Amino acid sequence: MRWPRWVPPLIVFVLVIALWYAVTYVLLTPDRRFLLPPPDAVVRVGLLDPVNRAELLAGLLLSGQVALLGLAIAAVTGVGCAIAMARASWLERSLHPYLVILQTIPILALVPLFGFWFGFGFFTRVLVCALIALFPIVTDTLFGLRSVEEAHHDLFTLARAGWAARLWKLQLPAALPHILTGLRVSAGLSVIGAVVGDFFFRQGEPGLGTLIDLYRSRLQSEQLFAAVALASLLGLAVFLGFGALARRSTSWHTAARDVAR
């Protein structure tokens, strides 16, 4: 008997919740139960209480806006940079070392410096997310642009197609699965940047990361776990969304390649 795909994750979820209850009520004494409140308390206090729910949803909205806007900026910048690097090899040799350095430097360690320059407002939060999400988009897009078969390039050469037509009709469609793969990786990174970066932002409206730090300092464990759960769901939703787009693109790309053969 073959189970539906959703059954194994559901079984794991039930086992995790059961283990959670066991640790809370069996291993922890009542005076230490705040370290791991039961799931029903997290839902009741963190999500069903109107005041806490409003605060958490406002933080979720802000973090989501920061992550998506930063991802959009990284996508436009990364794809444009990859196109320019694919067009001019000297530009790739000039920029690629600095892109690697940008990837290896812990961007969150530079957040205080960005704060001195630009303040700790919305713009700086988006900038942090965009820098964190940039590198995978550039590398995957560049790989996709250069993965076009040479025979296809020869056909466009015979048709005397210009560079713009070659890019728009050949290279970008062939690179689309790679672009979406880079976006899927960068989507998760942008959410991490939005949430973790909030630990440095003390001004303006609080995001999920700010609320997590605030609940930690107040020992409000139910609200803390609820905020962590919402942050996880935000990252999961963004990742699954781009994963669905990547699967559709991959199926279209495979079908088109089969027809061409």
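1. Let's start with one glycine: Gly243 is buried, with a relative accessible area of 2% (buried means under 20%, exposed over 50% and partly exposed in between, using a 1.4 Å probe and protein chains only). Gly243 sits in helix α10, residues 221–260. From C-alpha to C-alpha, Gly243 and Glu222 lie 31 Å apart in space, and they are 21 residues apart in sequence.

2. A word on the source: this is a predicted model, where local features need pLDDT of at least 70, side-chain atom pairs count only at pLDDT 80 or more, and totals for chains, interfaces and linings use all residues. Residues are numbered from 1 along each chain as its sequence is written, and side-chain values use heavy atoms, leaving out hydrogens and water.

3. Now look at helix α6, residues 122–145. Of its 24 residues, 17 are buried, so α6 is largely enclosed by the rest of the structure. Its end C-alpha atoms are 33 Å apart, which agrees with the 34 Å that its 24 residues should span at 1.5 Å a residue (the expected span is 1.5 Å times one less than the number of residues).

4. Where does α6 have a kink? The kink, about 35°, lies at Leu134, shortly before the proline Pro136 (the bend is the angle between axes fitted to the seven residues ending there and the seven starting there).

5. Finally, a helix pair: α3 (residues 50–87) packs with α6 at an angle of about 40°, their axes 6 Å apart. The two are therefore oblique to each other (angles under 35 degrees count as roughly parallel, over 145 as roughly antiparallel, 65 to 115 as roughly perpendicular and the rest as oblique).

Definitions and conventions: Axes are lines fitted to C-alpha atoms, for helices over the stretch in contact, and angles run from 0 to 180 degrees between N-to-C directions. Helices (H or I, at least four residues) and strands (E, at least two) are DSSP runs, numbered from the N terminus.
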